Amino acid sequence: MRSSSLTLALVLLVSALGLGGQAAADGSAAAPLAETAPTGFAAVNALGQNGTTGGAGGPTVTATTSEQFLRYIDTVGPLVIKVQGTIDISSKQGVRPNKTIIGVGTSGVINGGGLDFYRSYNVIVRNIKFTNAEDDAVNVGRESHHIWIDHNEFVAPVDGALDINRAAEYVTVSWNWFNKTDKNMLIGHSDGNGGQDAGKLKVSIHHNFFDGSKQRNPRVRFGEPVHVYNNYYRNNELYGIASTMNAGVLVEGNYFENVPHPCYSASGYADSGPGRLVQRGNQFVGSGTCEANGSVTEPRTFYAYTLDPVANVPSLVRAGAGVGKIGA
């Protein structure tokens with residue numbers, strides 16, 4: 001399997017050769033060459049699905065109106081849906097299996113509502129700016145699997161930016177910009193749902209920019225392993241990561257800057273009981289300590305991966321996360 005991330009040397013080589021990416025707005029680094037397929041859990045062969053390919057093999061359509069977009073996501077069969085312009089929707093709208101939803105350039109916006117996955121699978125969501133969702137911007141729900149959420153931006157959802165719950169699994173969340181969100185990412189919705197969630201909620205979270213997002217980056221119940229690696233945490237007011245209700249979370253190679261409480265685990269969080277959390281190779285700048293507790297199933301039980309050097313994470317993530325960094 002290809003490695004889960006690119007080294008800084010490869011990033012600079014790609015930029016020099018003009019093979020992909022673009023300069024960051026702050027000039028910090030060249031944008032990383034975007035992955036063409038997911039790494040982490042969304043790439044695993046499981047549950048009758050060999051990785052996540054989305055709408056590959058189906059026709060390509062372009063949605064420029066809300067009516068078109070809602071019709072396309074409700075279509076049976078593989079479909080690549082390009083989103084051009086702002087699509088105004090309300091509440092959370094269901095997405096059928098075998099879909100790729102990808103924004104065109106920096107124009108693709110879903111405003112007011114969100115996407116919902118209910119027993120769905122093999123779906124890719126990339127290069128979309130989600131704004132003003134009246135509930136969750138993306139909800140990966142009931143027994144959904146093989147979902148890849150990549151290179152999106154989340155702004156001002158009323159509830160969560162991205163929730164993963166009710167026995168969903170084999171999900172990868174990568175290269176997204178969580179832009180000043182409040183309640184960000186909840187994995188496992190309730191302390192009372194262990195009968196459904198225990199042994200599920202397998203999630204990989206890598207190269208995301210948690211930029212001033214206050215909390216739940218993520219907050220986890222029951223899931224194991226939840227693999228949180230090579231993310232950039234900056235100015236997270238309440239906390240970074242919380243492992244609760246016997247969840248198993250591996251936190252490695254992340255860069256925490258001005259985060260007073262990077263991790264909760266042994267003490268639980270709010271009304272939720274303790275979880276398990278292993279931390280290794282993280283860097284803390286102007287931040288507190290990461291509370292570790294117990295042991296966690298190694299992600300390498302499921303997939304191979306290679307970490308980027310933690311010192312390079314801020315420049316890599318600032319350059320590469322969010323919309324406009326991949327072709328559509």
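These legends accompany close-up views of a predicted model.

**View A. The tilted ring pair of Tyr239 and Tyr269**. A search of the whole structure turns up 17 aromatic pairs. In the pair shown here, the ring centres of Tyr239 and Tyr269 lie 4.5 Å apart and the planes meet at 50°, so the pair is tilted: stacked would need planes under 30 degrees apart, and edge-to-face over 60. Tyr239 comes from the loop between strand E23 (232-234) and strand E24 (241-244), while Tyr269 sits in the loop between strand E27 (263-264) and strand E28 (276-280). The two residues are 30 residues apart, and the pair links distant parts of the chain. Tyr239 and Tyr269 are both buried.

**View B. A cluster of aromatic rings**. Here you can follow ring pairs that link Phe130, Phe154, Phe178, Phe210, Tyr233, Phe256 and Phe284.

**View C. Arginines over tyrosine faces**. Arg300 lies over the face of Tyr305, 3.9 Å from the ring centre. Arg71 is placed over the face of Tyr72, at 5.3 Å from the ring centre.

**View D. Strand E25 and its parallel partners**. Strand E22 (residues 226-229) runs parallel to E25 and is joined to it by 4 bridges; look for Val226 opposite Val249. E25 also pairs with E28 in the parallel sense, over 5 bridges, and there Glu252 has Arg280 as its bridge partner.

Note on methods:
Residues are numbered from 1 along each chain as its sequence is written. This is a predicted model: local features need pLDDT of at least 70, side-chain atom pairs count only at pLDDT 80 or more; totals for chains, interfaces and linings use all residues. Side-chain values use heavy atoms; hydrogens and water are left out. Rings of Phe, Tyr and Trp (its six-membered ring) pair if their centres lie within 6.5 Å; planes under 30 degrees apart count as stacked, over 60 as edge-to-face and the rest as tilted. Buried means under 20% relative accessible area, exposed over 50%, partly exposed in between (1.4 Å probe, protein chains only). A charge sits over a ring if NZ of Lys or CZ of Arg is within 6 Å of the ring centre and within 35 degrees of the ring normal. Two strands pair if DSSP finds at least two bridges between them.
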